[in-house]
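Here is my note on the charged side chains, in numbered points. Please keep the structure open as you read.

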Amino acid sequence: MTKRVLTGIKPTGVPHLGNYVGAIRPALRRATDPEHAFFFIADYHALNQVQDPALFNEYSYVVAATWLACGLDPAVCSFYRQSDIRETFELTTILSAFTPKGWMNKAHAYKAAVDTNREAGESDDAGVNMGLFTYPMLMAADILVFRSEIVPVGKDQVQHVEIARDIALRLNRDVGTDVLTLPDYELPSDAEAIPGLDGRKMSKSYNNTIPLFATAKEWKKGISSIKTDSSGRDEPKVAEGSAVYEIYAALATGADAAAMKASLEAGGMGWGDAKAELLGLIETEFTGRTETYDDLMAHPERIDEILEAGATRVRPLAESLMEDLRRAIGRGGSVRRSR
Ligand code: ADP
Ligand code: TRP
């Protein structure tokens, strides 16, 4: 039987090539039909970080348009906004009653905030809002409200899916029925992060990204600034581990990547030549998508329409889970009061 796959995308910035390779492309490969592939914009997760209303609004559109321009087809998956599924928030409240506080203390985003505060000599919880603290509970609700079975995520989110599973196990045990479906995480087969312009992991936090949608001139400017060693054209080079090659290999066919690797290693291909090939590949892959993206961003009402249709389609499933769950915890059924 086909399993239900679900993943959320937190709209906290403008997606880059790393997001495409590590999250968007593997997720889209899982899109088979709207019953079994669920993708959503996790806007209320982003709210913990992005509290400027205009920016908060903007990022949801940016991320939705990105996924659509990268090929998300609403006919073969369900695509919606988290905030449109109100059942998620009732579920979060119920889950909170079954979740030991200690599990939240151990969640890595919160722990990282505490560590940073300690290093800076601040109090543990400085700058930490309750949304960040209970982040894994809202994520568990996203997953459990649709009885999801497989959750594709990056490495950094594995712990959150495990927490969702643990919460489901705990609630099922405590109420005595398997009302919640236990989810499993799934890592992309190539879980290595691609490097950015400076050789570190490509990340918006490092300001070293290649944008997905840009002009040829903008891409060229970025790509020419990729760090390389100073070896000349004819010298043999180490391809693996070099940012130019690793980014190229993540996008190119296996045969093209192998050809570049061989040319770099043999000598005769300079870093400038490799960069030109990378630029050509990005232009081929993303110029048309940039047009689609710009067009969608000029018509946000089209994005709304797609997301609203998605929410309308999946909402009955969330309602059905909540009916079962309310009954399981002793609410919402027609149980007679015993004397
Ligand atoms: P960023 O590091 O830019 O803040 P996020 O943490 O928001 O990116 O990541 C969103 C998704 O994109 C995650 O699934 C993550 O694994 C993936 N991702 C981010 N950067 C990369 C990268 N450099 N290579 C591969 N995947 C990445
Ligand atoms: N926390 C995820 C991230 O930061 C986004 C997310 C929210 C998510 N809810 C989810 C991912 C449910 C998978 C399933 O990337």
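1. Start with Arg-81 and Asp-304. Their side chains meet in a salt bridge, 2.9 Å from N to O. The pair joins distant parts of the chain: Arg-81 belongs to strand β3 (residues 78–81), Asp-304 to helix α14 (residues 300–329), and 223 residues separate them. Keep in mind that this is a predicted model.

2. Arg-81 has another partner. The side chains of Asp-84 and Arg-81 also form a salt bridge, at 4.0 Å from N to O.

3. Asp-304 has 19% and is buried because the cut-off is under 20%.

4. Now look at Lys-261 and Glu-265. Their closest N and O atoms are 3.6 Å apart, in a salt bridge. Both sit in helix α12 (residues 254–266), 4 residues apart, so about one helical turn separates them. Lys-261 is partly exposed, at 23% relative accessibility. Glu-265 is partly exposed as well, at 36%.

5. Next, the charges overall. The protein chain carries 38 positive and 48 negative side chains. The centres of the two sets lie 6 Å apart. The salt bridges number 15.

6. Finally, the whole chain. It has 14 helices and 5 strands. Of its 339 residues, 45% count as buried. Among contacts with a separation of 6 or more, 76% come from residues 24 or more positions apart. The C-alpha trace spans about 90 × 50 × 40 Å along its principal axes.

Terms used. Residues numbered from 1 in each chain as written. Chains lettered and ligands numbered in written order. Predicted model: local features only at pLDDT ≥ 70, side-chain atom pairs only at ≥ 80, totals over all residues. Heavy atoms only, no water. Helix = DSSP H or I, 4+ residues; strand = E, 2+ residues; numbered from the N terminus. Buried < 20%, exposed > 50% of the residue type's maximum accessible area, 1.4 Å probe, protein only. Contact = heavy atoms within 4.5 Å. Lys, Arg positive; Asp, Glu negative; His and termini not counted. Charge placed at Lys NZ, Arg CZ, Asp CG, Glu CD.
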